[in-house]
Amino acid sequence: MAMFLDVLSWILLTLGGISVLIGGLGALRMPDLYTRMHAASVTDSLGAILVLTGAMLQAGLTLATIKLAAILLFLLLTSPTSSYALASAALIAGTKPLSEREQPEGGKQ
Amino acid sequence: MKILGLYYYWVFAILLMTGFYAVIAKPNLIKKMIGLALFQSAVFLLYITMGHIVGGTAPIFSSVTGDTLYSNPLPQVLILTAIVVGISTTALGLGIIVRIKEEYGSIEEDEIQEIDKQ
Amino acid sequence: MSPETSIIAALIVPLVGAIGIALAGRISPNVREAVTLTTAGALAWIVWGLLPIVFAGGRPGVTLAEVLPGINIAFEIEPLGMMFALLASSLWIVNSVYSIGYMRGANEKNQTRFYVMFAVSLAAAIGIAFAGNLFTLFLCYEILTLSTYPLVSHKGDKNTINSARIYLGVLLTTSIGLLLPAIIWTYSVAGTGDFVMGGILDGKLSGPAVGLLLGLFVFGVGKAAVMPVHRWLPAAMVAPTPVSALLHAVAVVKAGVFTVTKVIVYIFGVDFLFAEPSSSWLLYAAAFTIITASIVALRQTNLKRLLAYSTIAQLSYVVMAAAILKPLAEIGAAIHMLAHAFGKITLFFAAGAIYVAAKKTELHQLKGIGRRMPITMTAFTIGALSMIGVPPTGGFVSKWYILAGAFEADNYVALATIIASTVLNAAYFLPIVYMIWFIKEEPGGKEHGEAPWQSVLALAITAALTIGFFLFNGPALELERQLVEGMS
Amino acid sequence: MTVIFGVFLLTLLVITALAIVRTENLFVAVMLMGIASLLIAANFFILDAADVALTEAAVGAGISTVLFLGALALTNAQERSTTSRKLLSTIVVVAATLVLIFATFDKPEFGDPNSPVQTHVSPWYLEKTPEYIDIPNVVTAVLGSYRGYDTLGEVFVVFTAGIGVLFLLGANPGVGAGQQAREINSGLRHHLIPRVVGRLLIPFIILFGLYVQFHGEYGPGGGFQAGAIIAAGIILYALLEGEKRALEVMPQKFLLGMMAAGGLIYGGVGVVCMVLGGNFLDYSVLSSNPVKGQQMGIILIEAGVGIAVTGTLLSIFHAFAARER
Amino acid sequence: MNALDAHLPALQVVVPMLLSAIVVMLKPRGLAWAATTATSAVAFAISIELARLTLDGATINYAMGGWPAPFGIALGVDAFSALVLLVVTGASTVTLIGARASVDSEIALERQPFFYSAWLLALAGLAGIVVAADAFNIFVFMEISSLASYVLIAGGPDRRALPAVFKYLIMGTIGATFYLIGVGLIYMMTGTLNLADMELRIHEVADQKPILAAAGFITVGLGLKAAVFPLHVWLPNAYAYAPHMVTAFLAACATKVSIYVLLRFDFFVFQENLTGHAFQFSAFLLPLALLGILIGSGVAMFEKNLKRLFAFSSVAQIGYIILGASLVSVAGLTASILHIFNHALAKGALFLVAAAFAMNAGGLRLADLGGIGKRMPWTFGAFVIAGLSLIGIPGTAGFISKWYLISAVMELGVPGIAIIAVIIISSLMAVVYIWRVVEVAWFGEPAEPGVAAPTIPPMLIAAIWICALANLYFGIAPQLPADLAGSASQLLLDHLP
């Protein structure tokens, strides 16, 4: 049982790591701000969930788990909000999404 | 271990001088302030590094008191103070920069000197 | 009044007088002049009151404050200083009388400031005369420099300011640049700066160092106007004539040579210097100054500037006399201070009188002026003769002693210099005398008589003194003999 | 393991630092600066300096970033691409670096338990604290009592900066706050999501701040961290609801009062100790039981610190935010 | 020593510091100024009492929080500290007495509470540096005083004050951080922050590289703060464009305090222990001092703005102080410590006069000052006295320190002659730049003809003349400062092998 949980947690951790990595790549390689944000934000939330759950499984039923859960909750609330705020700010600042532009170029914000 | 310790000190030196370079070489006042902040945080690193003790833990007595090895609390206290001093200096400096911008319309050192010459 | 108190009084009285004058100036000129004269009289009375004590060989002294360990503000009277004080204080009365006539005649402005600063300068001069050690002397010396600056720059126009700048520049530069190091050197070598009979440096210093220190002193005392630090004296001639007369013929310049003599006698010690070859250059420097200054004087066309250069020459007489380092010569030096003072102040008074009465300052304007201002010109002639050293004038007496000293030391340089300079003096004074009496005045000159009576009275008195000193110089000699007691 | 982690973080730190100097976009530079602070904080944590890590994160990454952004909003975010006296500076800097590196040899080994730092003064703290003050967090003990005088000075440094900024930028906001400024001040009121989330978070942030404040004796934390966190919470409120609302909650005068009061509380405790016959800041006289007295004193002064820091940081923030662009 | 005396070292710092928090809450009109002046006066009284207690070379130690050094923070006051404290608190008090009118004319009413509060903080900071016996504590109070003085200087009405103060802030912070690094390195090698303890423990490690580096960092850092040539570049503008009263206060004492720390650190911690440090110390500082003296005076001779003129002369005067110290002899140290006192007297008076002039002239360029001496004779008189003191005319305070300095140099023998020459030359330069002002002010013509009758606040004149008379008094009776300086230098040298 413990064995199984351990394996599971490691799988989760690995997946989380991978997704965060992908997110990072996306943020680097995507053509413009919005696509980058898309890549980053989505994978971030996913990565966070996976990693933290994995960590919780590692910790077992202790105070640490509760703290981790709180952190997870916090992340789930904030990171989408922040990416929303960023996107809207960019829109107000007048950065057009790629689709409405001719030649692709990276939005530098 | 030895090399690692030196590595910490070298990072201190490099950080310090990176900040210092920004301060003396960049004409932009805000850049100078950023450099100054970097400059100071390097010193924080120096102190904390020297306070560390191998296999030690933070100097907070835990309920499970054994002969645990605690790191030196003193540098940490000093740096707590130093951090606050740093932020105070930054705040004041930025305040001055804002006034300069209002008076001169520029935050580039050389431009300001030009304005003062005439 | 005990001697100590009278010393302090002698220093305080002029200062109090200065304040009094400043206040009285708000009331009316007459009151102000009254106060001036009273102050001068009081001062002279106090100083003369001290004479008997010194004559009796007393050396009253008083220490006011210890500034630094071993460095006091202290005053002590010895013959030389006594004589200088008498000279300055007594002539101040005469000069005040003269000033009244001059300042009103030439209706100068800011007369109150003039009289106030005059009183302060006198206080400083007395301080120099009575100074008991180098530090005190230096203190008063600088006060004198600074307090005379407003007098020199009295007119306040461009030219005056520049001259005043030279005046202050030279005097401060020399005093800070050379005199101060010399004094500190003395203190650090000898541990004291007190004036002691026979000197304090004997055995403490030797070799070229002595010559160097002497040089620092002699050129540091810019007021002695040994070339090349003489530039300030002609510059100072822009001042109103009473200033030139009392300060730049008597108080200030005499303070200079007085300091030099005092340093030679009481700091180095005559015998010590005589034994020290490295100090012999002083004689030559003085001789050079005498000759050069006289030659320059020959080529002057402005009366006061001529007198200034003649003063420079005469001052170096004193320095040279002192540098002969023989008792008789030292006496000569002291006496010459008196003799020259009487003669030169007379000459300046006369020059001022001419300016007030006829607004004339250049030599060529003086043709035949003797007929218009006979008294003034008689006095002028007497003064001139005294400068040359013709009997029966005071100048003869002092030259006599200097020559005697030179013979005693077999010092032929000094002899030659004195003779040559006498010739030169004659060469630039006699033509003037001839001109004022025997050449017809050019027609169209404005009508004028004598200067205001106060001025005439004053210069008459000084002329009388010049003659008188030839006849009655006993007391002065007596006094100065004490100076050289115990010299080889 | 942690060692490798440390090296990794340090390397990242150096890279970030270089990037900060190289970039010409000040906005980017400020952001990178925040990242650098976080990296440093992480390092501190690895080096067993929990309190410092917390402070660096809250102050370095949080407050100072906000201040820089505020300044940028009032000036321009782009730096002209000129570097004056490049060569000279480089030479100076390289030379100094070499000197420093030269100085690093002979340094006691990293984390050596027998280095003078570990053997001289600090053992005394670790061993006497239970006896004299009896609180778990030795850092707080040193900060509050053994070196309480430094901390007092520190409070007044903050105070000085506060009055300095107010002196320079004017005490009362709204002065010269023009149309543009008001737009900024209106915050994100028209954006629903941030408002809702923010409102949800702010109470927790402040609660956490209070926890840090009063838990400082037992865990990492204390007045400074708490002050920074609470200030951050309120600044967030100001960003969401706009300057005006924030100032309605805490008027400038009140903040100024907090600044002064914090310092006075701290100093007052010291004076009281003096009056009670101890030395300045000698808390043991506060109570019949010296240990209790110490604890009481530390709680009081920590409260003073928290108040002063909160007040100052908020005043500074408002002073910036109220400025016309 | 009664109960209160024991607490004086702490009170010296705490009183102004706490009052600053109260002053900021006061209503502007007059009250803030009155409270500040009163506080400063109290601090002055405390420092006088401290001087009385330490005159005989005694040292008053104070354990903050009752914790024994090196575990707690210790304060220590000896003759040296007492002298510097006198200068700091005295300068602040006298300046404040005359300050009100000038400050009203320069700083908007509603900003004044901040201004005065910053003033008290600067005072507290400087005092704190002086009494501290703990390396890190010195840093903290150094920052308080620095930040406060940045604020004060930035209050100047001229906008050029802002770039000037920013430069000062940058260089000041670098200096402080260098100092912090130096302290850190020493702490790393000795494990202590208490100066006395450092002195004991640094023995074993004296020859090691970090200590050498530390010595370098601390000297440079404090040199920056003390405006030692060539690290003085921040000073002239900062002083020129600060509010006049601030200039008078800071010029009199701010840089001196850094020099105080430099000397203390160097003699207590380094001199004895670092091999050949005394030589390095002299070899490093002596040339800088001489250059500073010459160049400072030289620039001053050609400076057009009165306050910049005085500022450059300050650079030269700091050179004198460093010169005396770099001789590492009783006489030299006495001279330099005494000059800390005397220069404060002269410069304080001069900058106060500048303030009075500024209130009645168009500006402080010499051209604006034409004939102002005739219109303000009393102020002008004080100016002349202070100027003479700066030149070093006998009878003024400046002469005393110059006397000590030259006699100290004479102990060097022949090589000393060159140094004496430098001193003399710079004194003559001083004559030049002082007399330039005198001639313009007395003989010059007013820039605009119909100038109104001067308005000189009586308090300001009082303050000016207090300084002027002090210059004269301490020129005739310099016992108090001389004795303090004497025992102070003795104290420093007792730490040499």
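Student: In which loop of chain D does D:Asp134 lie?
Tutor: This is a predicted model, in which local features need pLDDT of at least 70, side-chain atom pairs count only at pLDDT 80 or more, and totals for chains, interfaces and linings use all residues. Residues are numbered from 1 along each chain as its sequence is written, chains are lettered from A and ligands numbered from 1 in the order in which they are written, and side-chain values use heavy atoms, with hydrogens and water left out. Helices (DSSP runs of H or I, at least four residues) and strands (DSSP runs of E, at least two) are numbered from the N terminus. D:Asp134 sits in the loop between α6 (122–132) and α7 (138–146) of chain D.

Student: What is phi of D:Asp134?
Tutor: Most residues other than glycine have a negative phi. D:Asp134 is a residue other than glycine with a positive phi, near 60°.

Student: Is D:Asp134 buried, exposed or partly exposed?
Tutor: Buried means under 20% relative accessible area, exposed over 50%, and partly exposed in between (1.4 Å probe, protein chains only). The relative accessible area of D:Asp134 is 45%, so this residue is partly exposed.

Student: Where in chain C does C:Asp410 lie?
Tutor: C:Asp410 also has a positive phi, near 50°. This residue is in the loop between α16 and α17 (412–438) of chain C.

Student: Which peptide bond of chain E is cis?
Tutor: Most peptide bonds are trans. In chain E, the loop between β1 (60–63) and β2 (74–77) contains E:Pro70. The cis bond, with omega about 0°, joins E:Ala69 and E:Pro70.

Student: Where is C:Pro392?
Tutor: Here too there is a cis peptide bond, from C:Pro391 to C:Pro392, with omega near 0°. C:Pro392 belongs to the loop between α15 (374–388) and α16 (394–408) of chain C.

Student: Which members of the largest nonpolar core touch the most other members?
Tutor: A nonpolar core is a set of buried Ala, Val, Leu, Ile, Met, Phe, Trp, Tyr and Cys residues joined through side-chain atoms within 4.5 Å. The largest has 581 residues. Those touching the most other members are C:Phe130, C:Trp232, C:Phe268, E:Tyr179, E:Phe265 and E:Trp403.

Student: Which residues make up part of the second core?
Tutor: This core is separate and has five residues. Among them are A:Tyr34, A:Met37, A:Ala87 and A:Ala90.

Student: How much space lies in the second largest pocket?
Tutor: On a 1 Å grid over the protein atoms alone, a cavity is a set of points where a 1.4 Å probe fits but cannot get out, and a pocket is an open set with protein on both sides within 12 Å along at least five of seven lines; lining residues have an atom within 4 Å of a point. Grid points are joined across faces, edges and corners, and a volume is the space filled by probe spheres set on the points. For the second largest pocket, that space is about 2,300 Å³.

Student: Which element gives the most to the lining of the second largest pocket?
Tutor: The lining has 48 residues, and the closest to the centre are C:Val116, C:Met117, C:Val120, C:Ser147 and E:Ile385. By class (Ala, Val, Leu, Ile, Met, Phe, Trp, Tyr, Cys and Pro nonpolar; Asp, Glu, Lys and Arg charged; the others, Gly among them, polar), there are 38 nonpolar, eight polar and two charged residues. With nine residues, the element that gives the most is α1(C).

Student: What is the volume of the largest cavity?
Tutor: The whole structure has ten cavities of 30 Å³ or more. The volume of the largest is about 170 Å³.

Student: Which element gives the most to the lining of the largest cavity?
Tutor: This cavity is lined by 15 residues, with B:Ala37, B:Phe44, D:Glu56, D:Gly60 and D:Ser64 closest to the centre. Seven of the lining residues are nonpolar, seven polar and one charged. Five residues come from the element that gives the most, α3(D).

Student: What area is buried between chain E and chain D?
Tutor: Buried area is the accessible area (1.4 Å probe) that two parts lose on being put together, summed over both. Carbon and sulfur atoms give 76% of the area here. The total between chain E and chain D is about 4,700 Å².

Student: Which two chains share the most contacts?
Tutor: Contact means heavy atoms within 4.5 Å. Chain C and chain D do not touch, their nearest C-alpha atoms being 40 Å apart. Of the five pairs of chains in contact, the one with the most contacts is chains B and D.
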